[in-house]
Amino acid sequence: HLNYGQHLRLTTSLIDTTKATPISGAQVELLARHGGGSWSVVRTATTDSFGISRALVSPTRNTRYEWRFAGDATHGLTTSLVQTVTVRQVVTAHLTDHHVFRGGGVEIYGTVGPRAIGRVVYLQRWAHGRWHTVGVHGRITRRVRPNGTHTTGYILSVTPQRTGHLHYRVYRPATSHNGAGSSGAVTVRVA
């Protein structure tokens with residue numbers, strides 16, 4: 001798994017199985033496939049003296065990768081096993097206030113990457129050793145956030161009815177393009 005916006009180094013090793021020796025100086029291709037689409041070449045590389053080739057990728061959605069060697073005068077065509085990379089959505093969360101009175105309101109706001117205007121995020125609260133989805137959700141839109149920035153994100157309003165330290169996070173379900181994502185926890189002290 002990889003968070004949206006991160007990089008991943010993929011590696012392959014090309015070995016002559018009849019001699020158990022690396023194949024150096026060979027041209028290999030890294031292919032990628034999204035969903036049910038076709039395979040396409042995203043990198044071309046040459047193996048080093050150990051038969052190893054590497055590629056740095058930055059997928060923005062769930063992607064399957066495979067390495068392919070077309071063969072040469074003494075070696076046949078071969079492909080690696082398919083490696084599936086799930087790209088999780090990145091969710092941020094901020095509070096308008098860390099301390100409120102019971103029955104008072106607080107807003108939780110943040111962003112989701114990749115941008116998904118019109119999609120829904122859900123508020124979750126930590127209770128009894130796990131996260132529970134509560135009845136608060138909101139749509140991702142482009143507007144002014146409570147901190148004054150113009151950005152694509154969400155704003156959720158919460159009115160805590162119990163006292164103590166309440167821990168919240170914002171959850172974005174998986175889509176056909178990206179894995180699920182959740183923010184780090186934010187804590188509201190309710191008096």
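Q: Why is Gly135 called exposed in this predicted model?
A: The relative accessibility of Gly135 is 77%, and exposed requires a value over 50%, so Gly135 falls in that class. Gly135 is found in strand β18, which covers residues 130-139.

Q: What makes Gln124 buried?
A: Buried means under 20% relative accessible area, and Gln124 has a relative accessibility of 6%, so Gln124 counts as buried. Gln124 is found in strand β17 (residues 120-127), and among the residues that Gln124 touches, beyond those up to four places away in sequence, are Trp131, His132 and Tyr171.

Q: How do you know that the side chains of Gln124 and Arg169 are joined by a polar contact?
A: The cut-off for a pair of N or O atoms is 3.5 Å, and the contact between the side chains of Gln124 and Arg169 is 2.6 Å. The side chain of Gln124 also makes a polar contact with the side chain of Thr133, at 3.1 Å.

Q: Why is the pairing of Asp48 with Arg54 called a salt bridge?
A: The rule asks for a side-chain nitrogen of Lys or Arg within 4 Å of a carboxyl oxygen of Asp or Glu; the closest N and O atoms of Asp48 and Arg54 are 3.7 Å apart, so the pair qualifies. Side chains of opposite charge can pair when their charged atoms come close.

Q: What makes Glu66 buried but Arg68 partly exposed?
A: Glu66 has a relative accessible area of 9%, under the 20% limit, and is therefore buried, whereas Arg68, at 27%, lies between 20% and 50% and is therefore partly exposed. Arg68 forms a salt bridge with Glu66, with the closest N and O atoms 3.0 Å apart.

Note on methods
Residues are numbered from 1 along each chain as its sequence is written. This is a predicted model: local features need pLDDT of at least 70, side-chain atom pairs count only at pLDDT 80 or more; totals for chains, interfaces and linings use all residues. Side-chain values use heavy atoms; hydrogens and water are left out. Helices (H or I, at least four residues) and strands (E, at least two) are DSSP runs, numbered from the N terminus. Buried means under 20% relative accessible area, exposed over 50%, partly exposed in between (1.4 Å probe, protein chains only). A polar contact is a pair of N or O atoms within 3.5 Å; within protein, one must be able to donate a hydrogen and the other to accept it, and residues adjacent in sequence count only if both atoms are side-chain atoms. Contact means heavy atoms within 4.5 Å.
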